[in-house]
Amino acid sequence: MGPSPSHAFDPASLRIGQGFDVHAFAEGRKLILGGVDVPHTRGLLGHSDADVLAHAVADALLGGIRGGDIGKLFPDTDPAYEGADSLKLLAAVADKVRAEGYDILDVDSVIAAQAPKLSPYRDAMRENLARAMGVPVENVGVKATTTERLGFEGREEGISASAVCLLCRCS
């Protein structure tokens, strides 16, 4: 996957990417985070399945290759993406990253939500994201935090997620 510690590589071959996404809560929708259907009274509003975590990770990957964002790649004006599985969109982004000549070395993410409690779903989220990107699960981090009742997340109006990635043109 990445360079062996015993092999020298050009630091200029490394790229970082950062992604951020936010979705408001909506009645009558499932709450999908990292591809996991999380039991909750409301889901997130969006054109696709509104998986805020998968969207943030996809944006981080696209940022690393200077490829814009998922809104550019999968516009919400295109009916083809209505209700789309965001893990499939993430897999397409990972393929694009590899097509640009980069390996995905590491991804780390944070979900900000006052409710529901997300720690029971963290491992499943990591596994789903890793599978979608084609990387080992140990290369994917997922954390969750509350905002101590501050901001829109704290008022339970929605959920945000941020992600960073490390890419390498190592081959």
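Contact here means heavy atoms within 4.5 Å.

## Basis

This is a predicted model: local features need pLDDT of at least 70, side-chain atom pairs count only at pLDDT 80 or more, and totals for chains, interfaces and linings use all residues. Residues are numbered from 1 along each chain as its sequence is written, and side-chain values use heavy atoms, with hydrogens and water left out.

## His55

His55 touches Asp21, His23, Ser48, Asp49, Ala50, Ile70 and Ser86, not counting residues up to four places away in sequence. His55 sits in helix H1, residues 52-64. Helices are DSSP runs (H or I, at least four residues), numbered from the N terminus.

Its relative accessible area is 7%, so His55 is buried (under 20% relative accessible area, 1.4 Å probe, protein chains only).

## Asp59

Helix H1 also holds Asp59. Asp59 is buried but has no salt bridge (a side-chain nitrogen of Lys or Arg within 4 Å of a carboxyl oxygen of Asp or Glu). The nearest side chain of opposite charge is Lys72, 11 Å away. Lys and Arg count as positive, Asp and Glu as negative; His and the chain ends are not counted.

Neighbours within four places in sequence aside, Asp59 contacts Gln18, Gly19, Phe20, Asp69 and Ile70.

## Helices H3 and H4

The axes of H3 (residues 86-99) and H4 (residues 122-133) come within 7 Å and cross at roughly 45 degrees. Axes are lines fitted to C-alpha atoms, for helices over the stretch in contact; angles run from 0 to 180 degrees between N-to-C directions.

H3 and H4 are therefore oblique to each other. Angles under 35 degrees count as roughly parallel, over 145 as roughly antiparallel, 65 to 115 as roughly perpendicular and the rest as oblique. Leu87, Leu90, Ala91, Ala94 and Arg98 of H3 meet Asn128, Leu129, Ala132 and Met133 of H4.

Technical notes:
Helices (H or I, at least four residues) and strands (E, at least two) are DSSP runs, numbered from the N terminus. Buried means under 20% relative accessible area, exposed over 50%, partly exposed in between (1.4 Å probe, protein chains only).
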